[in-house]
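Here is a short briefing on helix packing and charge pairing. Please look over the sequence and the model before reading on.

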Amino acid sequence: MASTTKTIATFVPAVTARAESRIGRTLGLKSMDAPALIKAVATGLSWNAVKKFLNATGLTQQELANYLDIPERTFARRREAGAFARRESEQLLRLAEIWEAALELFDGDAARTHSWLTSRRRLSLGGVRAIDYAKNEFGAREVRALIGRLEDGVIS
């Protein structure tokens, strides 16, 4: 009996590739793998990354400062220093991930994505804007889950 060699397909989860591209793309990060993102948070995201994010999302500096729960004067000091603190960087990465997921949901339409994040959600998030709901990790998980349900066509 002749032995045959079977090729085994390599499983590459699609979620991994999507998660990497979602987080860093809007911030203009060169490397978007987990170790690079962890390092970026630890050292603080540069003001250049913040500018790219603001340009991509259409959010104002005031809206971003509000999301990060920092006074506008502190936000201005971060701009002068050229980098955000660790906590602020982590929050900005979280918002960038949510932005990218919502942008994908709306087929790359930045205006619709901005509107969805900054408009009150009557039922799905208890009347709270998605951007406000996502200020902490638990709320951000809920916003991500809502985006996932919407992608799957589940009315939420």
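Is Glu 90 buried, partly exposed or exposed? Glu 90 has a relative accessible area of 40%, so Glu 90 is partly exposed. This is a predicted model.

**Salt bridges within helix H6**
- The count of salt bridges comes to 8.
- One of them joins the side chains of Glu 90 and Arg 86, at 2.8 Å from N to O.
- Both residues sit in helix H6, 4 residues apart, about one turn of the helix.
- Arg 86 has 47% relative accessibility, so Arg 86 is partly exposed.

- Glu 88 pairs with Arg 78 in a salt bridge, with the closest N and O atoms 2.7 Å apart.
- This pair links distant parts of the chain: Glu 88 belongs to helix H6 and Arg 78 to helix H5 (residues 72-81), 10 residues apart.
- Glu 88 counts as buried because its relative accessibility is 3%.
- Arg 78, at 22% relative accessibility, counts as partly exposed.

- Glu 97 and Arg 144 form a salt bridge, and their closest N and O atoms are 3.1 Å apart.
- Here too the pair links distant parts of the chain, with Glu 97 in helix H6 and Arg 144 in helix H9, 47 residues apart.
- Glu 97 has a relative accessible area of 18%; the cut-off for buried is under 20%, so Glu 97 is buried.
- Arg 144 is at 22% relative accessibility and therefore counts as partly exposed.
- Glu 97 and Arg 144 also belong to a network of salt bridges that includes Arg 94 and Glu 137.

**Packing of H6 against H7**
- Helix H6 (residues 86-105) packs on helix H7 (residues 110-118) at an angle of about 120 degrees, and the axes are 9 Å apart.
- The two helices, H6 and H7, are therefore oblique to each other.
- The crossing of H6 past H7 is right-handed.
- From H6, the contact uses Ile 98, Trp 99, Ala 102 and Leu 103; from H7 it uses Ala 110, Thr 113, His 114, Trp 116 and Leu 117.
- By type, the residues of this contact are 7 nonpolar and 2 polar, with no charged ones.

**Glu 142 in H9**
- Glu 142 is part of helix H9, which spans residues 137-151.
- Its relative accessibility is 30%, so Glu 142 counts as partly exposed.
- Glu 142 and Leu 125 are 17 residues apart in sequence, and their C-alpha atoms are 8.3 Å apart in space.

Terms used. Residues numbered from 1 in each chain as written. Predicted model: local features only at pLDDT ≥ 70, side-chain atom pairs only at ≥ 80, totals over all residues. Heavy atoms only, no water. Buried < 20%, exposed > 50% of the residue type's maximum accessible area, 1.4 Å probe, protein only. Axes fitted to C-alpha atoms, helices over the stretch in contact; angles between N-to-C directions. Parallel < 35°, antiparallel > 145°, perpendicular 65-115°, else oblique. Left-handed = near helix turned anticlockwise from the far one by under 90°. Contact = heavy atoms within 4.5 Å. Nonpolar A, V, L, I, M, F, W, Y, C, P; charged D, E, K, R; others polar. Salt bridge = Lys/Arg side-chain N within 4 Å of Asp/Glu carboxyl O.
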